[in-house]
Amino acid sequence: MTSAVLVDIQEEVTCPICLELLKEPLSIDCGHSFCQTCIAGNSMERVTGQEGESSCPVCQTSYRLGDLRPNRHLANIAERLREEDGKLICWLCERSQEHRGHPTLLMEEVAHEYQEKFQESLRKLRQEQQEAERLKTVIIGKRTSWKNQMGPERHRIQTEFNKLRNILDKEEQRQLKKLEEEERKGLSILEEAEDELEQQSQSLRELISDLELRCQGSAMELLQDVSDVVKRSEFLTLKKPEALPTKLKSMFRAPDLKRMLRVFRELTDVQSYWVDVTLNPHTANLNLVMSKNRRQVRFVGATLPGSYLEEHYDCGILGSQQFSSGKHYWEVDVAKKTDWILGVCSNSAGSTYCFNQFTNNRNAYSRYQPQSGYWVIGLHHKHEYRAYEESSTSLLLSMMVPPRRVGVFLDYEAGTVSFYNVTNHGFPIYTFSKYYFPSTLSPYFNPCNCVVPMTLRRPSS
């Protein structure tokens with residue numbers, strides 16, 4: 001095949017639009033053929049008339065897109081030419097009948113061209129390989145980090161659920177102990193009633209036996225000490241036992257696990273804001289003694305005569321930390337104390353707290369209220385738990401389990417100060433809510449005139 005003929009054939013199977021060998025060629029009635037994608041795009045651009053006709057890009061003959069027909073003959077020729085293109089042959093093959101007329105190039109010329117292309121490809125591929133290695137390193141690091149997160153989180157989950165199990169175990173033991181105590185008391189009452197009934201039965205048996213003997217004996221025996229016998233017969237009446245236990249006073253009710261879990265989660269959430277609060281020695285007066293680690297304070301002053309409130313309301317001390325934003329939590333151990341006050345106070349209120357004296361209970365109660373810069377609760381007379389809300393007498397709080405440890409949570413932006421009974425699994429004690437804090441706040445502690453110390457707990461304890 002001559003070179004001119006080959007060129008003619010190649011022109012016949014070249015798309016007039018993209019000037020490349022035809023791909024999936026479609027032919028128009030005018031005889032011109034185009035790549036399927038090329039003529040489809042041309043048809044969309046050249047639609048004319050109401051019947052959706054287009055015009056041939058070569059001769060402008062009108063056609064409809066639906067009239068185009070595939071040309072397998074041209075497709076086969078184009079495919080053959082693609083197979084011949086870029087084939088490596090020797091000089092004998094170049095002169096053979098198969099390749100006669102095909103355009104050829106020297107191997108060295110083509111090799112140089114492809115050498116440059118391959119070098120460029122190598123450069124790009126090496127960059128891609130380096131990027132792949134970098135990404136692999138990143139993925140390995142992420143995987144290690146991901147695994148490292150799992151261990152502590154798994155331990156935290158197990159720890160939290162162990163705490164819940166401990167809570168349930170303690171509650172179970174408490175309920176069983178309560179039941180045992182009720183059983184002991186009930187059995188004691190029944191045993192006493194049984195003993196009393198046995199004594200009465202013995203007296204009845206003795207009297208019955210005496211009367212039977214008298215009735216069977218002589219008149220002399222019948223009438224001997226007859227007055228005493230008559231009196232015994234008249235007054236010996238069976239005394240029936242009263243208030244025998246027949247039903248448990250309080251049936252066991254399973255704890256509300258949903259509520260317990262909600263309360264436990266709430267305590268766990270606020271404990272995530274735990275701050276290591278310590279005491280400020282510059283805010284303590286001579287009635288108080290503070291430990292070296294500034295975590296414990298106790299009352300050492302003399303108890304003066306006068307009203308209860310006047311005796312100890314001069315014993316406050318502030319924490320070293322000051323808060324003007326954010327969320328903060330701390331815990332205070334008040335175990336075995338008979339009196340205490342704790343919470344937060346504004347710095348403006350705390351600056352004069354250790355020198356004020358009060359002449360009556362109302363003034364003292366009023367002083368420890370939000371309008372005076374205090375958000376506190378307290379214990380008085382061993383059993384009276386109070387929240388110093390805005391009332392002249394404060395609010396009595398109901399406490400099912402006396403708190404040995406109290407948690408304090410301050411949310412400055414929300415304007416809330418919340419107290420939690422950590423001893424009772426974190427159940428809420430009281431919340432001062434929706435307040436606008438006018439200044440910086442500090443933790444406030446008042447051991448009152450009880451010599452048992454107040455102790456700040458560490459976050460890890």
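**Rings, sheets and cysteines**

Q: Are tyrosine 412 and phenylalanine 437 buried or exposed?
A: Tyrosine 412 and phenylalanine 437 are both buried. Buried means under 20% relative accessible area, exposed over 50% and partly exposed in between, with a 1.4 Å probe and protein chains only.

Q: What sort of model is this?
A: The model is predicted: local features need pLDDT of at least 70, side-chain atom pairs count only at pLDDT 80 or more, and totals for chains, interfaces and linings use all residues. Residues are numbered from 1 along each chain as its sequence is written, and side-chain values use heavy atoms, leaving out hydrogens and water.

Q: OK, rings. How many aromatic pairs are there?
A: The count is 14 aromatic pairs. Rings of Phe, Tyr and Trp (its six-membered ring) pair if their centres lie within 6.5 Å; planes under 30 degrees apart are stacked, over 60 edge-to-face, and the rest tilted. One of the pairs is tyrosine 412 with phenylalanine 437, which is tilted, at 5.3 Å centre to centre and 50° between the planes.

Q: Where do tyrosine 412 and phenylalanine 437 lie?
A: Tyrosine 412 is in the loop between strand 14 (405-411) and strand 15 (416-421), and phenylalanine 437 is in the loop between strand 16 (427-432) and strand 17 (441-446), so the pair ties together parts 25 residues apart in sequence. Helices (H or I, at least four residues) and strands (E, at least two) are DSSP runs, numbered from the N terminus.

Q: And why is the pair of phenylalanine 419 and phenylalanine 432 edge-to-face?
A: Because the planes stand at 75°, with the ring centres 6.2 Å apart. Phenylalanine 419 belongs to strand 15 and phenylalanine 432 to strand 16, so this pair links parts 13 residues apart in sequence.

Q: Which residues form one aromatic cluster?
A: Trp375, Tyr412, Phe419, Tyr430, Phe432, Tyr435 and Phe437.

Q: How do strand 9 and strand 14 pair?
A: Strand 9 (residues 327-333) pairs with strand 14 in the antiparallel sense over seven bridges. Aspartate 333 stands opposite arginine 405 in strand 14.

Q: What about strand 15 and strand 16?
A: Strand 15 and strand 16 run antiparallel, joined by five bridges. Valine 417 stands opposite phenylalanine 432 in strand 16. The two strands form a hairpin with five residues between them, and histidine 425 in the turn has a positive phi of about 65°.

Q: What order does the open sheet of six strands have?
A: That sheet has the order 8-17-10-11-12-13, again with antiparallel pairing. Its edge strands are strand 8 (317-318) and strand 13 (395-397).

Q: Last topic: how many disulfides?
A: Zero disulfides, a disulfide being a pair of cysteine sulfur atoms within 2.5 Å.

Methods
Pairing = 2+ DSSP bridges.
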